[in-house]
Amino acid sequence: MTEFGLRLAISLTQIAAVMGIVVITVLLLTLAERKVLGWMQDRMGPMEVGPYGILQPFADAIKLFFKEDIIPAGANKFLFTTAPILCLIPAFVGFAVIPWGPNQTFEVGGITVRPFIISDINIGILYILAFASLGAYGIILGGWSSNSKYSLLGGLRSAAQIISYELNVGLSIVGVLILGGSLSLVTITDAQAGGFWHWYLFALPAPQIFAFVIYVISAVAETNRVPFDLPEAESELVAGFFTEYSGLRFAFFFLAEYANMVLVSCVAAALFLGGWNAPYPGTIMAFIGAPSLAWIENTMWFAVKTYSLLFLFFWLRATLPRLRYDQLMRFGWKVLLPIALGNIVVTAIAVFIYQQMK
Amino acid sequence: MASTTSTKRLSLSAWLKTITFYEILVGMKATLSHLLNYRPVTLQYPHEKRTLPDNYRGMLALLRYDDGTEKCVGCDLCEAACPSRVIRVVSAEVPGEPTKRYSKEYYMDMTRCLFCGMCVDACPVDALGMTREFEWAVYDKRQLHLNKQQLLAIGDRSFPVQEKRLELQHPNVAFFNVAFKHVPPKPD
């Protein structure tokens, strides 16, 4: 019983830590996005709350917290209330299988603890994909239950878009899975150790550059970000599926969108960019004789990769206009899908030949 | 991003540009260059204010002569000139002086004013002026229904009467198109 209690305590601590990091990252992102967008458009971004506006996320959070919670007349109350939660939970649940740092363990009271991953399940990436698809339910139900045409249209668009691009995400990952020979993110990351030329983005026998590009584009589309933000196209649909939401429920959708961004960036970093591995063999900490501190360097590299990808999201948002709906569908099905399929074929053949030659 | 039309034949360079997202990269280079050469055009408005142009047309005001008497002769021409019916003048004789009239009451509904300046142009005695005040947001829009005292007060604080000039003290004087000599100098 005590062992079980200890295990539970350790797991809950890890979950709390990861959730805390993700929420703090989301807070940072809301500010960073507005700042980066502003800078790219020769504006300043938020400047009023705190020095240079750095307390803006807290002001936003307080405002959303105290706002009136409106449920529109004619809305399906049960689904209207559950939809934001349905959207939020899948976004957070995926972080359970992301390895944040090196695959090391230590003992606490006879229990082996892996500090940088909550649980290393052997179908990690499948689990993330499955839950990411569940997130679409939150959006669709939120759109439908609002009893508003804009919400419904946004929800429908979102459903079509997420299904189309989820496929491309899945197919672009397959190349990496062939190379890594595993669905566990820990195994995949470990296999990319030893310099950036071992990252699956560049690794022989089959560099996954095309797959990476497809993954990034599809990830942008899946998180409903510009230029694929048709579900919430403000010039056509007011705000899309969360038109009728306000206060905390709106904050949930907002949080889910940003958490999803962080999640897809983490997955991209883990699958294509070597996860927590440094772009050079080994670590500097081990080189200067402090291998017990190597985890700091490794987690920093993971953060750098994730934040670079998140910056890419902002960068694209500042640059590109929104696609038309038929362009979105045509691009997903007629361009990305064949390339992703071709990538699988090429990778499979290359890996097969490589193994025969060995 | 997605599609060049399938009917058109693509040249090799166009094809290369398509698959390398050349045009998007050009756009991203432009946004990144703006990020790196960060020169915002924003003016942090309540903290820093831009200099207004010389002919700025802000809040309307009733003016006085330098001796402190009102310029307005109650002729109603401003009311006639106003396209939005902002102004309402109630004209009356100056008590004891049958040849002289003045505006007994003078109202301006500033919620309707569109700052065309036609009332100022119409005024034969230059009793109206446009100040440089523009920050007059209020919580109750009835506060923008100004009466004569308020308009005179606005004129007094924007165009302060400088000195008593003897020639202006004659009771029948009405100078036409006198330049505003007492307008405060332009801020730099």
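**Chains A and B: questions and answers**

Guide: This is a predicted model. From the N terminus on, chain A runs α-α-α-β-β-α-α-α-α-α-α-α-α-α, which comes to twelve helices and two strands.

Visitor: Why does the radius of gyration of chain A agree with that of a compact globule?

Guide: A compact globule with 358 residues would have a radius of gyration near 21 Å, and chain A has 21 Å, so the two agree. Along its principal axes, the C-alpha trace of chain A spans about 65 × 50 × 50 Å. Of the 358 residues in chain A, 44% are buried.

Visitor: What makes a set of residues a nonpolar core?

Guide: The residues must be buried, belong to a list that includes Ala, Leu, Phe, Tyr and Cys, and be joined through C-beta atoms within 7 Å. The largest such core has 90 residues, and those with the most contacts inside it include A:Cys87, A:Tyr215 and A:Phe272. Helix H9 of chain A, residues 247–271, gives the most to this core, with 17 residues. Apart from it lies another core of 20 residues, B:Met59 and B:Cys72 among them.

Visitor: Which residues is A:Cys87 in contact with, leaving aside its neighbours within four places in sequence?

Guide: Contact requires C-beta atoms within 7 Å. On that basis the partners of A:Cys87 include A:Gly135, A:Ile139, A:Phe252 and A:Ala256.

Visitor: What makes up the side of chain B that touches chain A?

Guide: The contact takes 16 residues from chain B and 16 residues from chain A. The side of chain B has nine nonpolar, six polar and one charged residues.

Note on methods: Residues are numbered from 1 along each chain as its sequence is written. Chains are lettered from A and ligands numbered from 1 in the order in which they are written. This is a predicted model: local features need pLDDT of at least 70, side-chain atom pairs count only at pLDDT 80 or more; totals for chains, interfaces and linings use all residues. A residue is buried if 20 or more other C-beta atoms lie within 10 Å of its own, exposed if 12 or fewer, and partly exposed in between; C-beta atoms are placed from the backbone. Helices (H or I, at least four residues) and strands (E, at least two) are DSSP runs, numbered from the N terminus. Two residues are in contact if their C-beta atoms, placed from the backbone, lie within 7 Å. Ala, Val, Leu, Ile, Met, Phe, Trp, Tyr, Cys and Pro count as nonpolar, Asp, Glu, Lys and Arg as charged, and the others, Gly among them, as polar. The radius of gyration is taken over C-alpha atoms; the globule rule is 2.2 Å times the number of residues to the power 0.38.
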